[in-house]
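Take a look at the structure, then read on.

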Amino acid sequence: MSQNNALDYYGRLGNWSFDEFGIHTESLTSWDLNELINKYADSDSRILDLGTGGGEKLLADYPECRKILGTDFSPEMIDTAKRNLERSGRKNITFKVMDNLQMDVPDEYFDIVAARHTITDPAQIMKCLKPGGHLLIRGVDKYDCWSLKKLFGRGQAYDDAVPVSIRDYEAVLNAGFTEVELVPIHEREYFRDADAFRAFLEKVPILNVCDEDRTLEEDKLREYIAGNTFGGQIRLLRNYYGISAVKRS
Ligand SMILES: C[S@@+](CC[C@H](N)C(=O)[O-])C[C@H]1O[C@@H](n2cnc3c(N)ncnc32)[C@H](O)[C@@H]1O
């Protein structure tokens, strides 16, 4: 998806919540973005969350600390995040519109920069981190939902020659970070039923349904569901990646 299409797509959605799909997740690996944020943060920390969406994850999982700034290039997402913040009653959190590729934040200001399932420019992140600060990225990798994408013959990152995890890893190394680790993350997601699974696929860009006026081919969807139903729930295998890195002190 191009960045212009992404802005339209996320603007139309206006939230990044999946509560309605009754998803149950089993982790097969142990790299956990929230655990690392909670490990590195203390009460004096400033945290930047890039591509925060409606702030759902930040508000639910990030620790109480001196300051948390959540940013997103979609004004609709930031409006949702501000409403979610009001409802949450949490303090020391602000949201603002900002493009991750044209960051507008002070230099050497944040202790932690987190980016979950969004685009990043590690060179710009390097500038805004304090020396000794942590960068934590969680991304969706090329082979995410691979059997589903193979069946449909298309999908997010389907034709990428180099997986996005490797491109991000190289970019973090090239930006001059130290202690750079790239870790695969595998999860099994279970959806309440076939209707919830279909509605999920119509919301997310996994099969690129959303940005190209495509519909889900019924025969392929039925075939996938028939082969991946366990105890009435539909299973989807997820393949993410985590990157952790430190700005040299
Ligand atoms: C898949 S959602 C993830 C939201 C949230 N981080 C989460 O994990 O729940 C991706 C988010 O990144 C935002 N995004 C995509 N490209 C961006 C960019 N260039 N600058 C800022 N935000 C961007 C989208 O608007 C969207 O809210």
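Predicted model: local features only at pLDDT ≥ 70, side-chain atom pairs only at ≥ 80, totals over all residues.

Two residues are in contact if their C-beta atoms, placed from the backbone, lie within 7 Å.

Q: Leaving aside its neighbours within four places in sequence, which residues is I112 in contact with?
A: I112 belongs to the largest nonpolar core, where it is listed with those that have the most contacts. Neighbours within four places in sequence are left aside here. The contacts of I112 are then I37, Y40, A41, S45, I47, G133, H134 and L136.

Q: How many residues does the second, separate core have?
A: The largest nonpolar core has 39 residues, including I37, I47 and L135. The second core is separate and includes F21, F152, F200 and L201. Its size is 12 residues.

Q: Why are the buried residues of α7 on the same side of the helix?
A: Helix α7 spans residues 164-174, and S165, D168, Y169 and V172 are buried there. They lie on the same side of α7 because the arc they cover around the axis is only 100°.

Q: Which element gives the largest share of the shell around the ligand?
A: The ligand has 20 residues around it, and Y10, G51, G53, F73 and N100 come nearest. Two elements give two or more residues to this shell, α1 (3-13) and α3 (56-61). The largest share is 3 residues, and it comes from α1.

Terms used: Residues numbered from 1 in each chain as written. Near = placed C-beta within 6 Å. Helix = DSSP H or I, 4+ residues; strand = E, 2+ residues; numbered from the N terminus. Core = buried A, V, L, I, M, F, W, Y, C linked by C-beta atoms within 7 Å. Buried ≥ 20, exposed ≤ 12 C-beta atoms within 10 Å, placed from the backbone. Arc of directions from axis to C-beta.
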